[in-house]
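Reader: I'd like to go through this structure with you. Can we start with how the terms are set?

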Amino acid sequence: MPSSVNAMCPYVYSCAMAERNRRINVTLEPDYARKLASLAERTHIQEGTLARSLLSSALDEADPDASRITEILDGIPGAWERAQRSIEQARHGDTVPLSEL
């Protein structure tokens with residue numbers, strides 16, 4: 001019995017670690033990138049560490065109400081148009097298979 005439990009632990013551990021540490025790449029508009037750099041310099045913190053902390057705080061305070069999320073998404077300049085363009089590109093087959101990325 002102990003051998004089967006030990007055999008399962010690495011699998012469970014690796015899944016738990018993968019869930020806890022997700023990497024997300026975010027591209028900031030130039031003004032926000034400068035502001036982040038300035039804040040990081042003034043606080044003597046790495047930009048990535050500060051960005052992670054600020055994003056975590058924003059997510060903690062985010063209202064999970066769907067109408068609020070829609071309002072936030074609607075505030076992204078050009079988001080609707082980009083989404084519609086992407087849908088049209090997919091309909092026309094103008095896509096790249098994931099295996100080629």
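Author: Helices (H or I, at least four residues) and strands (E, at least two) are DSSP runs, numbered from the N terminus. This is a predicted model, in which local features need pLDDT of at least 70, side-chain atom pairs count only at pLDDT 80 or more, and totals for chains, interfaces and linings use all residues. Residues are numbered from 1 along each chain as its sequence is written, and side-chain values use heavy atoms, with hydrogens and water left out.

Reader: How many helices and strands are there in the protein?

Author: Five helices and zero strands. From the N terminus on, the order is α-α-α-α-α.

Reader: What span does H2 reach?

Author: H2, residues 30-43, has 14 residues and reaches 20 Å from its first C-alpha to its last. That is close to the 20 Å expected at 1.5 Å a residue, where the expected span is 1.5 Å times one less than the number of residues.

Reader: And what comes just after H2?

Author: His 44, with a positive phi of about 55°. His 44 is found in the loop between H2 and H3. Most residues other than glycine have a negative phi.

Reader: Is His 44 buried or exposed?

Author: Exposed, with a relative accessible area of 75%. Buried means under 20% relative accessible area, exposed over 50%, and partly exposed in between (1.4 Å probe, protein chains only). Buried residues make up 3% of the 101 residues in the protein.

Reader: Changing topic. What is the volume of the largest pocket?

Author: About 1400 Å³. A pocket is an open set of points on a 1 Å grid over the protein atoms alone, where a 1.4 Å probe fits, with protein on both sides within 12 Å along at least five of seven lines. Its volume is the space filled by probe spheres set on the points, which are joined across faces, edges and corners.

Reader: Which residues lie nearest its centre?

Author: Val 26, Leu 28, Ala 51, Leu 54 and Leu 55, out of 28 lining residues; a lining residue has an atom within 4 Å of a point.

Reader: Which helix gives the largest share of that lining?

Author: H3, with eight residues. H2, H3 (47-61), H4 (66-74) and H5 each supply at least two residues of the lining.

Reader: Last one: where is Ile 24 found?

Author: Ile 24 is in the loop between H1 (2-20) and H2. Ile 24 is exposed, with a relative accessible area of 63%.
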